[in-house]
Amino acid sequence: MLTWYAWLILTPDTSPYRYQQTATGKAGEFPELELDAWPDLAIHQYDIRVEETEQPVAQAWFGQHANQQILLNWKNLAGEQLLALDQKASELSTLAAAIDKHAPRDALLLGWWDTSRQLALLTGRDVLFHTPLHQPLIIPQAWQTHEQAIRAYEDQQAGIAADPQEQQLFQRFTQSLVNPLTEGLDELRQLAGTRDTYLVVHVSDLYKLGLLYPDKFGVAYKHYRMTGNLHGMISHLKTEMGTRGYYTYTLQSLSDDLIRAFFLIDEASANTLLAKLLPFTSQPSPLERTTPQLIYQQGGYWVYRITEKALEQRQPTAAPYEAGQEHMTDSTLPADQVQ
């Protein structure tokens, strides 16, 4: 028994899944990523496999930067969310192209750690989070005992480990998102300092924030097929809210025929900073908000300019943003495709 116990302690745990590379090449060879503005970016495509299944449970596309790999797109093929949430590839590339075109070169982009790494790669702008922080770690309950092994394996895949100082900063960042609007913005501005700072949030951040702070931010999600009957789908959403006792909802388009609905379970969750920055049915549109100033929207991304200095210098706009309208100053991103 002592021998068995010693083996158990000394034998390292292993990840319950593995990355299997299926293709590599330039971004121009992967049209599904819609990275037309970065045709020479090195891309590595992987299947994510587990031993007990014949088919991959997910697919991943990484961009190569020096010795690091940065996840640019993820496609879940199983019924349960795993490691990352999928979204339209065009959202990231369109956002990055707009930032690269219009944001000052010395601007700070403030967003979730994975979004930060993606935008740093594609735009060259500074971010607070350069390393893979794996917060939250999105894995099935059955894999919880392998958490440390999974983190180590993800660090190996990325080519760099999480930075402890960035982990502390990221905790401050996420805590600000679950605080009320004014308090949360003040905390974000303290993180940003005096730099011209753009806050980038995505609808899928709701789910990740709920995993980090389940006692402060209650969120649920459900997928719906688009059948052409919009009123019928809305009726299903309202029925789901009434049955579950949810407070409000917002939508994320995943494809032409699939959407993901995010539900907040109570009013306290709806009064957090992150909820106020996204378009929920229980509150006025972010387009009507004056602080912070919305300057760009693309798909599930919403971009705000948050630094006090920038807000004081900004000239008031002549008219509210409309779908397809572009409105910018020399250092302001355009409002585009607002929905």
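**View 1. Glu51 and Arg18 form a salt bridge.** Their closest N and O atoms are 3.7 Å apart; a salt bridge here means a side-chain nitrogen of Lys or Arg within 4 Å of a carboxyl oxygen of Asp or Glu. Glu51 sits in the loop between strand S2 (42–50) and strand S3 (58–65), and Arg18 in strand S1 (residues 17–26), so the pair ties together parts that are 33 residues apart in sequence. Strands (E, at least two residues) and helices (H or I, at least four) are DSSP runs, numbered from the N terminus. This is a predicted model, where local features need pLDDT of at least 70, side-chain atom pairs count only at pLDDT 80 or more, and totals for chains, interfaces and linings use all residues. Residues are numbered from 1 along each chain as its sequence is written, and side-chain values use heavy atoms, leaving out hydrogens and water.

**View 2. Asp100 and Arg125 meet in a salt bridge (3.0 Å, N to O).** Asp100 belongs to helix H2 (residues 89–102), while Arg125 is in the loop between helix H3 (113–123) and strand S6 (126–127), 25 residues apart. Arg125 is buried, at 2% relative accessible area, but Asp100 is partly exposed, at 33% (buried is under 20%, exposed over 50%, partly exposed in between, with a 1.4 Å probe and protein chains only).

**View 3. Arg225 and Asp257 pair up too, with N to O at 3.6 Å.** Arg225 is exposed, with 55% relative accessible area, and Asp257 is partly exposed, with 38%.
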